[in-house]
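The points below may be read beside the sequence and the model.

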Amino acid sequence: MRKALLLPILGLFIGLTTQTHTADAPGGTLQKIKETKLITLGVRDSSAPFSYLDAQQKHTGYAIEVCLRIVAAVKKELNLPDIKVEMTSVTSATRIPLMANGTIDLECGSTTNNAERQKQVTFTNTHFLTASVFVAKKSANLKRIDDLKGKTVVSTAGSTNIVQLEKANAERKLGITVIPAKDHAEGLLMVETGRAAAFVMDDVIIAGLVAGAKDPGMFALGSEPFSRPEPYGIMLRKDDPAFKAIADRVTAEVFKKDGEALYKKWFLSPIPPKNINMNLALTPAMKKALANPSSNPDPASYAD
Amino acid sequence: MFSNFDFGEIWRALPFLFLDGMRFTLTLTFLATAGGILLGTVLALLRLSGGRAVSAIVAGYVNLMRSLPLLLVIFWFYFLVPYVGQWVMGAPRPIKVGGFTSALLTFTLFEAAYFSEIIRGGIQSIPNGQAAAAAALGLTHAQTMRYVILPQVFRTMLPVLLTQTIVLFQDTSLVYVLSLDDFLGVASKIAQRDGRLVELYLFAALVYFAISFCASQAARRLQSRVAIVR
Amino acid sequence: MNYHWNWGIFLEPSPEGNGTYGQMLLSGLWMTLQVSVLAWTLALCAGSCVGVVRSLPSAWARRLSDVWIEPLRNIPLLVQLFLWYFVLPELIPETWGDWLKQLPNAPFYNAVVGVGLFMSARVAVQVATGLAALPRGQMAAGLALGLTPGQTYRYVLLPMAFRVVLPPLTSELINTIKNTSVALTIGLAELTARARAVQEFSFQVFEAFAAATLGYLAINLLATLAMRLIERQARLPGYGKA
């Protein structure tokens with residue numbers, strides 16, 4: 001009986017693993033959109049102001065706006081004005097496998113573009129630069145990473161931040177208990193409710209969450225970052241040069257022409273759902289990134 | 001202790017909770033139950049009357065599903081099904097499946113294993129004499145199943161099937177891990193957006209309880225009604 | 001298929017810096033085992049008590065058992081875990097709530113209590129069914145021998161009832177093991193969660209899930225064999241199917 005149990009999985013595995021690699025041309029995203037007349041955006045529930053839920057439970061944000069520009073260009077390119085746009089919620093942990101298995105075509109959120117991920121997926125031009133930091137309650141008075149020693153610290157499952165936290169924890173022998181959260185909002189709530197001492201995340205995501213919290217004044221950022229500012233990019237499937245070319249062309253145009261206006265709209269003006277203004281000044285590095293669009297995963301290339 | 005309790009939060013969330021969330025949950029529950037019972041019946045029949053190899057494969061499938069946590073199976077399917085679709089259909093790229101379809105497929109295939117065990121138990125509980133009598137009357141095996149055995153099985157097993165459906169209804173909450181918009185998913189998204197975990201999780205618990213409790217009372221009442229007196 | 005298989009991934013070092021990906025999965029397996037054993041112990045103890053109460057002749061006793069069983073049976077386990085983890089500490093006095101939240105390994109205790117209580121309702125129903133299946137004369141005989149009702153339960157009824165319900169209890173034990181996976185939602189680093197972490201760090205989805213699948217099959221096999229051994233040991237000559 002138990003032997004028979006393994007047969008179905010084994011069969012499936014042999015079947016799948018012996019498949020040869022398909023050529024990419026007929027399997028490309030553009031061809032797929034043309035055939036299905038559908039493009040699926042992977043979006044986030046709590047990555048304000050990049051990709052998040054507004055008061056009507058609809059997804060909105062800076063990255064989604066950029067993605068919709070890409071969609072418009074795709075419609076024009078394929079001469080198919082009636083392509084449907086579908087939005088699928090993803091988390092940090094599900095976005096890469098869902099991109100690989102074709103569930104989503106563009107991931108519009110707050111995904112760090114790094115060399116490690118470039119082995120699985122690819123990215124279009126950088127739309128933001130952010131460093132990994134921790135946030136804690138002001139009353140806890142935590143400043144340096146070493147202050148987290150022996151504490152319970154939360155970070156989002158599948159993010160680059162949790163990897164950086166694990167690495168710092170191992171290298172500095174801090175004995176931190178790392179708890180993975182499903183999404184960013186849950187991470188900050190764990191700190192707010194006292195479940196965790198700190199939440200490790202990108203500074204911009206923390207700023208967005210704290211701005212929307214019940215009492216923004218209760219939180220304080222740590223002074224020591226886990227990383228230098230790293231690029232965010234809209235994620236695409238790997239080995240799909242035709243689709244990447246469109247995305248690169250559109251985002252380059254958008255960032256050069258409207259980049260600062262878009263920045264003003266999402267980072268320097270009140271945004272839904274609570275009409276909070278994040279008030280994040282445009283840094284020289286960010287200004288440079290918008291003027292010189294690049295999808296380079298190396299953080300050093302963005303230094304101002 | 002309820003000083004911070006904001007009932008208005010639940011009130012504002014109601015349209016999303018029920019029109020989006022509960023609709024997703026109930027649709028998933030009903031479709032997966034229907035599919036699960038259908039496939040479960042086929043599996044049970046194959047296991048009982050198929051050849052040796054067939055019944056071994058079916059048994060393997062049923063036991064595999066029953067030994068794995070549903071959560072792991074949900075992840076497996078969400079990530080794997082598009083590739084399987086590509087492989088089966090010989091498509092040039094993974095087939096886009098989508099959250100709801102993936103969940104429906106997962107629950108149908110997973111719960112079919114449990115339904116098939118219930119139905120198999122039901123078939124085995126019918127005295128052998130009935131099948132013999134049907135055969136003596138000249139009914140084929142298929143006819144015997146169709147007209148004699150299965151109607152009784154569904155009747156006697158109805159309460160158990162309903163109980164399993166209630167379990168399925170509760171299990172659909174696990175699609176929370178995929179960030180889909182089921183009842184709990186919507187509740188948690190609103191809860192996390194507004195920092196109102198206490199209100200929304202308590203309310204979600206209450207709603208799940210009310211529905212499951214009423215349904216299980218109904219199952220209990222059904223049990224005394226449908227019992228076939230032998 | 002457009003997927004890069006790498007079965008050697010389990011031998012590669014994980015970014016957590018204290019071993020390989022394979023060791024990550026083993027740590028998850030170990031966590032699943034620990035939580036399962038503790039939750040099952042809790043489920044058996046609480047479930048037996050409630051099952052005994054349920055078997056008492058008084059209607060009030062039955063209602064009392066319903067108050068325990070019905071909420072635990074009719075609310076999804078995931079929601080129950082959220083109630084214990086996120087809601088309970090906010091509803092009790094603040095000092096207790098803070099103490100609960102700052103427990104080291106809070107997800108671990110929460111998982112044990114949450115899964116344990118959830119399963120206790122099921123165990124209670126099984127135990128009550130087992131007790132109801134015993135001939136009434138056993139209670140009477142116990143009392144006639146001068147045993148108190150408590151002693152009769154302890155020495156006569158429960159040992160018999162447990163033997164009757166051993167097979168269904170085996171499947172409830174397996175359910176307990178499977179249900180511990182739900183605790184990944186409150187941050188417990190059990191087997192499914194570790195498989196997910198391997199996927200997130202290494203992007204090798206299917207290798208990680210395949211290993212977790214084998215892990216669960218192995219634990220279940222172990223649990224089934226252990227219960228069968230107990231069944232064989234506990235069999236009474238001349239009672240039940242010999």
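1. A residue is called buried here if 20 or more other C-beta atoms lie within 10 Å of its own, and exposed if 12 or fewer do. The model under discussion is a predicted one. With that cut-off in mind, strand β14 (residues 230-237) of chain A deserves attention: 8 of its 8 residues are buried, so the strand is largely enclosed by the rest of the structure.

2. Which strands pair with β14(A)? Strand β6 (residues 106-112) of chain A is one of them, joined to β14(A) in the antiparallel sense over 3 bridges. Within this pair, Glu107(A) stands opposite Met235(A). Strand β7 (residues 121-123) of chain A also pairs with β14(A), again antiparallel and over 3 bridges, and here Val121(A) faces Arg237(A) as its opposite residue. Strand β8 (residues 128-130) of chain A is likewise antiparallel to β14(A), with 3 bridges; Leu129(A) has Pro231(A) as its bridge partner.

3. Chain A as a whole may be considered next. The chain contains 10 helices and 16 strands. Its C-alpha trace spans about 65 × 55 × 40 Å along the principal axes. A compact globule of 304 residues would have a radius of gyration near 19 Å, and the 20 Å of chain A agrees with that. Of the 304 residues in chain A, 51% are buried. Among contacts in chain A with a separation of 6 or more, 77% are between residues 24 or more positions apart.

4. One open sheet of chain A has 5 strands, in the order β11-β10-β12-β9-β13, and its pairing is mixed. Its edge strands are β11 (177-181) and β13 (219-221) of chain A, each of which pairs on one side only. From one strand to the next, the twist averages 30°. The bridge partner of Val135(A) in β13(A) is Leu221(A).

5. Helix α6 (residues 160-171) of chain A lies across β9, β10 (152-156), β11 and β12 (198-202) of chain A, and runs at about 150° to β10(A). Helix α7 (residues 184-192) of chain A lies across β9, β10, β11 and β12 of chain A; its angle to β12(A) is about 150°.

6. A further open sheet in chain A consists of 3 strands in the order β2-β3-β4, with antiparallel pairing. Its edges are formed by β2 (46-47) and β4 (59-60) of chain A; each has a single partner strand, so one side of each is left without a neighbour in the sheet.

7. How many residues of chain B are in contact with chain A? There are 28, and they meet 34 residues of chain A. Helices α1 (7-49), α2, α3 (70-89) and α7 (183-194) of chain B each give two or more residues to this side. The largest share, 7 residues, comes from α2(B). By class, the side of chain B that touches chain A has 16 nonpolar, 7 polar and 5 charged residues.

Terms used
Residues numbered from 1 in each chain as written. Chains lettered and ligands numbered in written order. Predicted model: local features only at pLDDT ≥ 70, side-chain atom pairs only at ≥ 80, totals over all residues. Helix = DSSP H or I, 4+ residues; strand = E, 2+ residues; numbered from the N terminus. Pairing = 2+ DSSP bridges. Rg over C-alpha atoms; globule rule 2.2 N^0.38 Å. Contact = placed C-beta atoms within 7 Å. Nonpolar A, V, L, I, M, F, W, Y, C, P; charged D, E, K, R; others polar. Axes fitted to C-alpha atoms, helices over the stretch in contact; angles between N-to-C directions.
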